[in-house]
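Have the sequence and the 3D view open side by side.

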2 protein chains.
Amino acid sequence: MYKLLFVSSLFLFSGTLKAQTDDSIIIRKIADEILMNGNAYENLRVLTKEVGGRLSGSPGMYKAEAWGQKILKDMGAEKVWLQECKVPHWVRGGKDEAYYVGADGKPVQLDILALGNSVGTGAKGITAPVILINSKEELEKRNIEVKGKIVFYNYHFNPRFVETFRSYGDAVVYRVFGASWAAKYGALAMITRSMSDAVDNNNPHTGALEYMDSFPKIPAAAVGLWDADKLAKAIGENKELKVFLRTNAKMLPDTIGHNIIGEIAGSEFPDEYITVGGHLDSWDPAEGASDDGTGCVHAIEVLRALKAIGYKPRHTIRFVLFANEENGLRGGTKYAEEAKEKNEKHLFALESDAGGFTPRAFTIGLPADKLDRIRKNWIPLLETYGVYKFDEGGGGADVSPLSELLNTTVSELEPDSQRYFEYHHARNDVFANVNKRELEMGAVCMTALIYLVDKYEFQ
Amino acid sequence: MYKLLFVSSLFLFSGTLKAQTDDSIIIRKIADEILMNGNAYENLRVLTKEVGGRLSGSPGMYKAEAWGQKILKDMGAEKVWLQECKVPHWVRGGKDEAYYVGADGKPVQLDILALGNSVGTGAKGITAPVILINSKEELEKRNIEVKGKIVFYNYHFNPRFVETFRSYGDAVVYRVFGASWAAKYGALAMITRSMSDAVDNNNPHTGALEYMDSFPKIPAAAVGLWDADKLAKAIGENKELKVFLRTNAKMLPDTIGHNIIGEIAGSEFPDEYITVGGHLDSWDPAEGASDDGTGCVHAIEVLRALKAIGYKPRHTIRFVLFANEENGLRGGTKYAEEAKEKNEKHLFALESDAGGFTPRAFTIGLPADKLDRIRKNWIPLLETYGVYKFDEGGGGADVSPLSELLNTTVSELEPDSQRYFEYHHARNDVFANVNKRELEMGAVCMTALIYLVDKYEFQ
C-alpha cells in the first residue's frame, strides 16, 4: 500500500506520469480482484486433483480438454473453440524397473522412469554391464568401451547458476540426446541422472528425448539423485557391475489433440491479437501442477480478472491452453501455422511455463529502444507486485513459433526459479507444492502486462 | 553467469567501477562457496530435527544453546561465549482444548493453541457464551454485551497487502492486546482467529500476548482459519452458543538464558563491531524452522563462508544467536545494554528473522544520502543473487535495541514474504517447509552485505 501511494505521488506532475498514476490505479484494481477473489488456486486444484496427469494422447488429455473448454466459458470468454492438431502418442506401458546385484548378492532396486518418447526394452528387459560416464567429453574419450553396455550418465546439475533454468539448459542435453550419443558407439540402453537439484527425495525426473535418425533407438530412463549416487558408488566398487533394466514404453501412431482457445474481442483492433497461455499437457507420473497447470490457470485468471474489473480490450485477446508442449510442441506450432495461413496480425504473445512461484521478471523479445522504454515506464508499475525487470529473451516454448513465423513479440513470466527443478517432470509435481499467494502474484503481473500492452502496444 | 559478466564488462573503465568488478569477483566466490559447499541446510536439519522446539526456559532452549556454542566453534569462530540474561519462562502445561455443542447436541471440537504468556483457565476450564467480534471498533460499540462471555475475534488477515508482513502488522494487535481489550469489559476469556493466510490446513498459530496491567489477565488462545470460519458460522446460527475452553498455561518465575556469541577479530578496527544474527528461541508447537532456525543458520553460514574464502575482516564481526525474541526480547536487549555499558562501537547489525525464502531486499536504517549511495553502488553487485532493493526501515527485532541505545545502523534480510504466514508460530513451521536453494541464496546476500559494509562502511 505504502509503495503504491509513493509511486502515485512521484508521478503527479506530467502528462506521461499522470498516465502512470491512472495505470497504477487500474493495476491496483487488478491486484485486488486477484488477491481477494482469485480463482487460480481453486482452478488448479480441480485441474490437478480431478483431471490429473494429461500427457498427449492419454485419457487425461481428453478430460483436460473438456475441462479447459468449460472453464474458459465459465470465466467469461466470448468465444471458445478447439483447434485440432496431430499429437504424438507415447505410452509408458507399465511399471519401469531396474536393479543391480549388490556385493551381498542381493538385488538393489533403482527407482527409475523411462524417458518420454523412448522405446522399451521388451518384456524380458536388458541385463548388461554398466559404464559410468560423467560427461559428453568422457563418452567421446571412452567410446570403444561403450559397446554392448548400458551407459549411465551421471552429469550433475550445476549449483553455481543462480537461475536454475541455466543449470537445466546445461544438463538437459544428456536427457534429450544422450541415448543417441551412446547408441552411436553401440550402447544397448541409457540411464541418466535426473535434471534436478532436489536433495530431500529420490524421485526420478522424466522428460522428452529425441532420437537421432542415424543411430539405433535404445531404451532410456532417468534415476533420482540418491539412486544416481548409489549406482555411481556401486560402479566404483565393482567395475564389472551389471544392471537389469526393463521399460515398457512405446510410441503409438499420432493421434488427435487440441489447443483450447478462448477469446474476447477487441474494441478498436478486433483483427489484431494478443495471446496469453500455458500448456495443458503434462507428464504422466504426476499431476502437472507446476508444469504447467500453473500456466494454464494463470492464463485463465488473466481472463477472469479483466472481465471482473470490466476492462474492454482494444485488441482481441486470446487465452490458449496449448496441446503437447512436452513431447512435440505440436500445439504451439499449429497455432502459429494457422495464424500465418490466415494472415492474422499477432501483436504479442505471453506464456507462463516456469511455475507458479513468486514472480520476479518477464523475458521479452524487443529491440533495445523499446525494451528501454518499457523498462522505464512499466517497471515502476509492476515492481510493487514483484516484477522488477524485463530480461532480454524469447517467450515460452508454445509462443516461440509465433515469433518465428509472424515476428510476434513474445514473452514469458519468470517466477523465482529456486524450487522449480525439485518438482519438474517428477512425482512431486503436485498441487500441494504450489502456494496460493505466489500463484496469484504471478497472475497479477501477467494481467498487468497484458493490460499495458493492450493499452500502449510498445510505443 | 551471464549477468556477472555483464556487470563486469559495464564497469571496466573507471576507478569506482573497477572496485565494483573486484567486489563482484569476491561476491561470486562467496556465492560459489555457499551454493557448492553450503552447510546452512544441514545445520538447519540438525537444529530442527535433533534440537527441535526451543522456547525460552524449556529443555529445548538448553539443548539449542549447547548446539549453538558447538556449531559456532566448528564453523570457525575464534572466540565463542555465552552472554547471560534473564528470560521469561512460560509453559503450555498440557493439551489445549475447546469445543462448542452443535445443533445435533454433539460437541464440535476446535483445534486451539493457548497464546504465549497467557494464563490458563484452571483445570475445570471455562464454559461461557461466546460473542463474535469482527474488529476493535465492533468491540467498542458492543462493549456492554461482552461481560461474562468469551470474546471470539474473527479479524481477517488482509489479502490486499502484497507484503504479508503488513497484513500481519494489521492483524496482530488482536493477538497481542485483544485479551486485555476484552477483559476491560468483563470478558472471561478470548479466542482469536490466527494471524495467517494459510488455506490448506487448520493449524492454529500461537505467539505472544501482552497483558495490560489495568485489566484482569484472562486466558487466550488462537484457532486456525477453518475452525474460525466454522465457529463464526455456528455463532451466526445460534446466538446463545457457548464454548468450553481449557488451557493449562502459566508463567513461571524468570529463568536464565543466553545469547550465544561467536566472534572473528577485525584486522584494522578490532574495537568496532559488526553483528549478524538470528534468534535461537522458537514456539513450542513446531520445530522453529522458518522462525527463526533459518536466521540462525544464515548467520552461521556467513561465518563459515567468510572463513572458507579466507576473508580477513577489517572490523570485528560477531555472530549472535539471540535468546528470547519471541516473548520478551530479553536477549537483544541484553546484548545492546552490555555493549552500551562497555562503550563499544557498533557499526552495523544485520538480522535474518523473516524466513529462509528467496531473498528480495534488505531493510536498512540510513540517512537518505547514504541510502542513495549504497543503492547505486551495491545493488548492481547484489541483484544477480536476488536482492534488488534496499528498503528504508529498521532491522530485525533483536538488533533494534542496538539502534535505540547506540545508534547503530541496523538491517534485516527481506526474503519473499508470500509463504511466511502459512507456517509462522504453527505446527507446520518445520524443516520440510524450507527450501535448500532459497535458504542458501539468503546466506549469499547476507554474506555479501557484511563484506561490503566491512570494506566500505557506508562511505
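Predicted model: local features only at pLDDT ≥ 70, side-chain atom pairs only at ≥ 80, totals over all residues.

**From a helix pair to a pair of chains**

In chain A, the axes of helix H3 (residues 40-51) and helix H8 (residues 289-308) come within 9 Å and cross at roughly 135 degrees.

Which residues make the contact between H3(A) and H8(A)? From H3(A) come Ala40(A), Asn43(A), Leu44(A), Leu47(A) and Thr48(A). H8(A) supplies Ala289(A), Gly293(A), Thr294(A), Cys296(A), Val297(A), His298(A), Ile300(A) and Glu301(A). Sorted by class, the residues of this contact are 7 nonpolar, 5 polar and 1 charged.

Now take chain A as a whole. Chain A is divided into two parts: domain 1 covers 2-89 + 254-456, and domain 2 covers 93-248. Taken over C-alpha atoms, the centres of these domains of chain A are separated by 35 Å. Where the domains of chain A meet, 14 residues of domain 1 are in contact with 19 residues of domain 2. The side of domain 1 of chain A that touches domain 2 has 5 nonpolar, 6 polar and 3 charged residues.

The next step is from one chain to two. Between the chains, 23 residues of chain B are in contact with 23 residues of chain A. Which elements of chain B give two or more residues to the side that touches chain A? They are helix H2 (15-37) and helix H13 (436-456) of chain B. H13(B) gives the largest share of that side, 4 residues. By class, the side of chain B that touches chain A has 10 nonpolar, 4 polar and 9 charged residues.

What remains is how the two chains are placed relative to each other. In general, two copies of a chain are related by a rotation about an axis and a shift along it.

The contact between the chains can be compared from both sides. Of the interface residues of chain B, 100% are also interface residues in chain A, so the copies meet through the same surface.

Key
Residues numbered from 1 in each chain as written. Chains lettered and ligands numbered in written order. Domains from an automatic or database assignment. Contact = placed C-beta atoms within 7 Å. Nonpolar A, V, L, I, M, F, W, Y, C, P; charged D, E, K, R; others polar. Axes fitted to C-alpha atoms, helices over the stretch in contact; angles between N-to-C directions.
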